[in-house]
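Keep the sequence at hand while reading.

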Amino acid sequence: DANSETAHALVVSSGGGILGLMAAETGISQVTQVERSRMLYRMAKQIITSNMEKEFSKNINLISGILETCKVRDIAEETQQITNSIDSVIIDRAKIDQSNFLNQKADVLVTDLLDHTILGMGILRAVDYAAEHLLKENASVVPAKIKIVAQLIEFKLGSVEGFDLSAMDCYRWYPGDEKVDLDSIKHRTLSKPFDVLLIDLE
């Protein structure tokens, strides 16, 4: 149960510590937050540190690294590694590095790996890896579903500052994605919004 005081939440963030703080505030006893870059890790650490007066902030464990490098700690394996190293002068510290380890599998995954294309930040890959390696069976995912809605829109330059630029219209098509502000660009809607895809992340 993700609302239990013994639950563990895995937070895969796109930057900042707000998701981890919100998860911890619900009463979840253990929150592991993974930030994919050192810059985002530092930002999240500063935000969490700034809120340390809140008791639940102490329940957040922050990890810097790509999600696919994270594993669940195997106590038996660690014990065996240490036992095998007792007679060694030099212990291979990389083998027992716990910086990217979770203490246990998580009951819930919370993520905001969403951009203007919805899937461009790799949310599907992240959820698949977490489900296979880091989450308990029947774990919850937030958001649980993603609904993609589209609308056909026509962009035409026409006249700009008295100059006829309509010849440029045929070059406006781009095979990739482009983020635009419809409030600042002249356009014409060609259809009503329609459902494209419903993705179940659980």
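Leaving aside its neighbours within four places in sequence, Ser64 is in contact (heavy atoms within 4.5 Å) with Glu35, Ser37, Arg38, Tyr41 and Asn100. This serine belongs to strand S3, residues 60–64, where helices (H or I, at least four residues) and strands (E, at least two) are DSSP runs, numbered from the N terminus. Its relative accessibility is 19%, and Ser64 therefore counts as buried; buried means under 20% relative accessible area, exposed over 50%, and partly exposed in between, with a 1.4 Å probe and protein chains only. The side chains of Ser64 and Arg38 are joined by a polar contact of 3.4 Å, a term for a pair of N or O atoms within 3.5 Å, of which, within protein, one must be able to donate a hydrogen and the other to accept it, while residues adjacent in sequence count only if both atoms are side-chain atoms.

All of this is read from a predicted model, in which local features need pLDDT of at least 70, side-chain atom pairs count only at pLDDT 80 or more, and totals for chains, interfaces and linings use all residues. Residues are numbered from 1 along each chain as its sequence is written, and side-chain values use heavy atoms, with hydrogens and water left out.

The buried residues of H2 are Leu40, Tyr41, Ala44 and Ile48, and seen down the helix axis they fall within an arc of 100°, so they line one face; the arc is that of the directions from the axis to the C-beta atoms. These buried residues pack against helix H1 (18–25), strand S2 (30–35) and S3, whereas the face of H2 turned away from them carries the exposed residues Arg38, Met39, Gln46 and Ser50.

The largest has 23 residues, of which Leu10, Leu67, Leu109, Leu134, Leu135 and Leu201 touch the most other members. Two or more residues of this core come from each of S1, S6, H4, S7 and S8, and H4 gives the largest share, five residues. Apart from it lies another core, of 16 residues, among them Ala7, Ala44, Ile48 and Ile60.

The confidence of the prediction deserves a last look. The protein chain has a mean pLDDT (the predictor's confidence in each residue, from 0 to 100) of 82, and 85% of its residues reach 70 or more. Over residues 78–98 the pLDDT is below 50, and beyond near neighbours in sequence this stretch has seven contacts in the model. Where pLDDT is low, the predicted coordinates should not be read in detail.

Note on methods: A nonpolar core is a set of buried Ala, Val, Leu, Ile, Met, Phe, Trp, Tyr and Cys residues joined through side-chain atoms within 4.5 Å.
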